[in-house]
Amino acid sequence: MTGSKAISALRSIKRGKSRSLLTLCSVAVGVFAVVVISGIGSVGTQEINSTMLTMGINSAMVEAAGTSGGISLTDDDVTAFGELNGVNKAMPLMGAMSKAKILGKFLNCYAWGVDQDAKDIISIEAVHGRLIDEHDVENHASVCVIDEVLAEESYGRSNIVGKKISLLLGGSYREFLIVGIAKSGITGLQSVMSGIIPDFVYLPYSTMQDIVGKTSFDKIALLLEKDAADEGLAQTLTAEVNSLKDSADGLVINNFQSQKGQLTDILSIITTVLSLIAGISLVVSGITVMTAMLVSVGERTREIGIKKSIGAGNMDIMTEFLLESVLLTAFGSMAGIAAGLGACLAGCLILGVEFVLPVGSVISAFSFSVIMGALFGVYPALKAARLRPIEALR
Amino acid sequence: MIITENLTKIYSTDGGVKVKALDGISMEIKDGEFISIVGASGSGKTTLMNIIGCLDIPTEGKYTLDGSDISLLGSGELSRIRSRKISFVFQGFNLIPSLTAAENVELPLIYRKTEPSVRKRTVAEALEAVGLAKRANHLPSELSGGQQQRVAIARAFAADAPLILADEPCGNLDSRSGTDVMEMLHGLNRIGKTVVLITHDEKAAMTADRQIRISDGKVVV
């Protein structure tokens with residue numbers, strides 16, 4: 001019996017084509033917004049995860065807590081930390097904001113002073129040429145490896161091994177020979193956000209020490225044992241490195257794990273807030289549904305009267321109208337979901353990131369619309385059901 | 001089948017004036033009778049039909065339909081009684097414009113939750129009985145007035161209710177179709193249905209077993 005009611009509801013929807021279409025669209029737009037926002041959220045989270053992976057999720061950085069009381073990290077510390085439980089390797093790491101002068105262009109960059117273990121510890125990969133090796137470190141060579149993006153931005157192509165680049169370090173520009181091009185760490189995101197996230201250049205830490213006049217390092221990067229990387233290890237290591245340096249808490253360990261957590265948290269807060277705002281538009285479309293149904297009830301008063309006179313009970317009439325509004329919102333949300341997923345897919349193809357299906361949001365957007373159709377359809381359906389046949393037939 | 005005792009109906013208009021449409025109507029209609037309720041327009045016959053048809057409740061008085069006291073029932077029960085015991089044939093046909101003839105005839109059976117196979121059979125029989133089997137899939141807009149009224153009668157036939165209330169069924173029809181419709185109503189009476197014909201047409205009224213005349217809300221003897 002509900003089957004024939006559903007068919008009858010579908011017919012009513014078809015009859016009021018333009019009104020049904022408009023109502024449907026208003027629901028579709030709201031659902032589209034919700035789906036796109038959640039899509040951005042899912043893809044963003046995925047990107048953060050994979051980015052963190054390329055940046056070395058099994059890495060941690062030991063550095064001095066704050067600028068005061070500066071504990072300096074030395075070669076001996078590198079050896080010592082490398083032998084701690086759960087640590088695979090240790091590498092000295094220096095970092096400084098810099099400017100690159102290349103082909104007459106000035107580009108912002110961040111200079112990392114690394115050694116030959118950089119490949120494993122902070123996961124850089126050479127797409128052209130080579131990475132910094134132990135000879136460069138021994139010789140304090142003026143060579144560097146630059147990010148692919150820097151090459152593209154200056155020369156318009158990625159293989160510029162052998163070219164020269166001037167880096168602003170220690171107060172003046174110094175010339176370096178480019179020996180390798182590194183795969184950019186933050187793929188899709190960086191192309192959108194270059195300018196905010198600076199491009200990286202890598203030089204031997206010994207060279208950097210000479211330039212800035214230090215014999216110690218800012219940080220020591222650790223490659224953690226594969227299975228050992230978790231929150232607990234970060235705390236244990238923090239205690240251990242501090243005791244090695246006879247300090248209470250002068251050193252901190254930045255574990256990418258927690259940074260990833262922070263980033264994904266921020267992302268999920270943003271998407272939740274935006275989804276709620278999109279949810280408001282869904283409520284508005286619910287009101288549209290109610291309006292459309294009320295008009296429909298008004299137009300079909302006589303029809304309701306006839307049906308009541310031939311035996312329709314209040315429940316029959318109410319079911320009929322409720323079904324109509326639920327079907328309207330269901331179709332509208334399906335259209336919105338299809339459009340939203342399509343837009344997400346297209347966006348991912350254009351930005352070159354992996355498409356992640358926001359399953360949870362699709363399901364909740366659909367259910368929410370259907371519930372909304374029922375909720376906002378109740379009042380008109382009740383109104384229809386309560387019509388007295390004698391008034392309706394006048 | 002129908003017993004009314006002192007049925008009175010008073011309407012309040014917007015201006016606060018009270019109109020007494022029915023004034024103490026007492027009558028009895030036995031099972032299987034073909035009765036005609038006759039009166040001029042404004043006599044109260046439509047109001048009487050609405051109360052007999054459980055579409056409205058009396059202000060005073062008692063109405064017993066097939067043994068049940070209607071005056072005590074709520075709107076939910078009223079509609080159940082209506083669906084089981086009464087079929088209407090209206091002056092304006094009152095078919096659902098978006099449904100075909102067959103679907104219109106099927107509607108009361110759907111509300112009564114009849115099984116689909118039984119429904120299909122009953123609808124086919126009903127349309128056959130009024131001679132519209134070939135027009136089963138036509139919409140009311142594609143049928144003449146006479147044909148639409150015959151669909152309405154088929155709907156009443158399919159619903160198989162013991163009481164048929166016909167309110168000026170020939171009012172919008174030409175005389176030929178009108179005669180056909182009257183013949184079908186008598187046919188329904190012959191198979192045992194109680195038929196109450198409300199009309200101001202003397203000729204049609206005289207085909208009934210008995211006439212109840214109404215004037216100014218009262219039964220005129």
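This is a predicted model: local features need pLDDT of at least 70, side-chain atom pairs count only at pLDDT 80 or more; totals for chains, interfaces and linings use all residues.
In which crossing, left-handed or right-handed, does helix 4 of chain B pass helix 5 of chain B? The crossing of helix 4 of chain B with helix 5 of chain B is right-handed.

**Helix packing in chain B**

Helix 4 of chain B spans residues 116-129, and helix 5 of chain B spans residues 145-159. Their axes lie 8 Å apart and form an angle of about 135°. Helix 4 of chain B is therefore oblique to helix 5 of chain B. On the side of helix 4 of chain B, the contact is made by B:Thr122, B:Val123, B:Ala126, B:Leu127 and B:Ala129. Helix 5 of chain B contributes B:Ala154, B:Phe157 and B:Ala158. Sorted by class, this contact holds 7 nonpolar residues, 1 polar residue and no charged residues.

Helix 4 of chain B also packs against helix 3 of chain B, which covers residues 101-111. Here the angle is about 125° and the axes are 9 Å apart. Helix 3 and helix 4 of chain B are therefore oblique to each other, and helix 3 of chain B passes helix 4 of chain B in a right-handed crossing. From helix 3 of chain B, the residues B:Ala101, B:Ala102, B:Val105, B:Glu106 and B:Leu109 take part. They meet B:Arg119, B:Thr122, B:Val123, B:Ala126 and B:Leu127 of helix 4 of chain B. The class count for this contact is 7 nonpolar, 1 polar and 2 charged residues.

| Helix pair (chain B) | Angle | Distance between axes |
|---|---|---|
| Helix 4 and helix 5 | about 135° | 8 Å |
| Helix 3 and helix 4 | about 125° | 9 Å |

**The sheet of chain B**

Chain B contains an open sheet of 6 strands with mixed pairing, arranged in the order 6-7-8-3-9-10. Strand 6 (86-89) and strand 10 (218-220) of chain B each have a single partner strand and stand at the edges, so one side of each lacks a neighbour in the sheet. On average, and with direction ignored, neighbouring strands of this sheet are turned by 25° against each other.

One bridge pairs B:Ser215 with B:Lys218 of strand 10 of chain B.

Helices of chain B also touch these strands. Helix 5 of chain B lies across strand 6 and strand 7 (163-167) of chain B, and runs at about 175° to strand 6 of chain B. Helix 6 of chain B (residues 175-190) packs on the sheet and touches strand 3 (34-38), strand 7 and strand 8 (194-199) of chain B. The direction of helix 6 of chain B makes about 150° with that of strand 8 of chain B.

Chain A has 394 residues, of which 43% are buried. Its secondary structure comprises 14 helices and 10 strands. Among the contacts in chain A with a separation of 6 or more, 81% are between residues 24 or more positions apart.

The contact between the chains takes 19 residues from chain B and 16 residues from chain A. In chain B, the elements giving two or more residues to this side are helix 2 (75-85) and helix 3. Helix 2 of chain B gives the most, with 5 residues. By class, the side of chain B that touches chain A has 7 nonpolar, 6 polar and 6 charged residues.

Terms used:
Residues are numbered from 1 along each chain as its sequence is written. Chains are lettered from A and ligands numbered from 1 in the order in which they are written. Axes are lines fitted to C-alpha atoms, for helices over the stretch in contact, and angles run from 0 to 180 degrees between N-to-C directions. Helices (H or I, at least four residues) and strands (E, at least two) are DSSP runs, numbered from the N terminus. Angles under 35 degrees count as roughly parallel, over 145 as roughly antiparallel, 65 to 115 as roughly perpendicular and the rest as oblique. A crossing is left-handed if the near helix is turned anticlockwise from the far one by less than a right angle, and right-handed if clockwise. Two residues are in contact if their C-beta atoms, placed from the backbone, lie within 7 Å. Ala, Val, Leu, Ile, Met, Phe, Trp, Tyr, Cys and Pro count as nonpolar, Asp, Glu, Lys and Arg as charged, and the others, Gly among them, as polar. A residue is buried if 20 or more other C-beta atoms lie within 10 Å of its own, exposed if 12 or fewer, and partly exposed in between; C-beta atoms are placed from the backbone. Two strands pair if DSSP finds at least two bridges between them.
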